[in-house]
Amino acid sequence: MKAIHTLLTFTYLVSLFLLVNGQIKYPDPMIHPNACSRETKSFICDPDRIISYPVANNINSLISDFANQTIACDQSRGYQIAVALVERMSDYGLKGGTPANNAEQFAKHVHGSWGVGYQDCQSGVVLFLARSDRQMYISTGIIAMERLTNSIAANIIENMKPHLRNGDYKLN
């Protein structure tokens with residue numbers, strides 16, 4: 001029953017999003033790593049090359065280590081984290097709406113379309129950054145939100161802002 005509710009909610013949000021904003025065309029780094037400026041499957045998609053390749057490798061390694069060292073919903077699976085970076089959201093089909101709302105919709109689209117987090121326990125987190133739009137959003141699954149609350153996510157974003165203003169896109 002929970003799976004049906006999740007599927008219906010996701011379908012509704014995607015349908016509403018497509019009606020209001022058009023379709024987002026953004027690659028999945030597990031399916032099309034080259035389109036994400038990666039050589040192999042990755043947790044990061046950066047088609048506009050906002051961060052350097054070595055920085056992306058470092059972040060990807062940190063994400064992988066974190067997933068292996070945490071327990072989200074049972075004794076064998078940790079949290080899944082993904083990073084989506086763009087120069088401008090409009091370059092990927094997202095037009096209209098407020099910048100903050102668009103960032104939220106983009107992050108949630110990536111979260112759902114990439115399938116970040118184990119479906120049965122909603123343990124995924126997506127960090128989304130649109131550099132020129134000056135927007136960030138952290139999308140969390142239900143289980144992930146128990147640890148990474150909206151308040152903590154907002155603090156993470158606030159702590160990142162000075163680094164981003166200085167052009168430090170290492171995201172560490």
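This is a predicted model: local features need pLDDT of at least 70, side-chain atom pairs count only at pLDDT 80 or more; totals for chains, interfaces and linings use all residues.
**Cores**

I started with the largest nonpolar core, which has 25 residues. I asked which members touch the most others, and found I44, I51, I59, V83, M136 and I138. I then looked up where the core residues come from. Helix 2 (53–69), helix 4 (142–147) and helix 5 (150–165) each supply at least two. So do strand 2 (80–86), strand 3 (124–130) and strand 4 (135–140).

**Aromatic pairs**

I counted six aromatic pairs. I checked Y26 and F106: their ring centres are 5.2 Å apart and their planes stand at 80°. That angle is over 60 degrees, so I logged the pair as edge-to-face. Y26 sits in the loop between helix 1 (2–21) and strand 1 (44–45), while F106 is in helix 3 (residues 99–114). The pair links parts of the chain 80 residues apart. Are these two buried or exposed? Y26 is buried at 10% relative accessible area, and F106 is buried at 0%.

Next I took F66 and Y79. Their ring centres are 6.3 Å apart with planes at 35°, so this pair is tilted. F66 lies in helix 2 and Y79 in the loop between helix 2 and strand 2, so the pair ties together parts 13 residues apart in sequence. I noted F66 as partly exposed, at 38%. Y79 is buried, at 9%.

**Cluster and charge**

I found one aromatic cluster formed by Y26, Y92, F106, W114 and F128. Last, I looked at R38, which lies over the face of Y53, 4.6 Å from the ring centre.

Definitions and conventions:
Residues are numbered from 1 along each chain as its sequence is written. Side-chain values use heavy atoms; hydrogens and water are left out. A nonpolar core is a set of buried Ala, Val, Leu, Ile, Met, Phe, Trp, Tyr and Cys residues joined through side-chain atoms within 4.5 Å. Buried means under 20% relative accessible area, exposed over 50%, partly exposed in between (1.4 Å probe, protein chains only). Helices (H or I, at least four residues) and strands (E, at least two) are DSSP runs, numbered from the N terminus. Rings of Phe, Tyr and Trp (its six-membered ring) pair if their centres lie within 6.5 Å; planes under 30 degrees apart count as stacked, over 60 as edge-to-face and the rest as tilted. A charge sits over a ring if NZ of Lys or CZ of Arg is within 6 Å of the ring centre and within 35 degrees of the ring normal.
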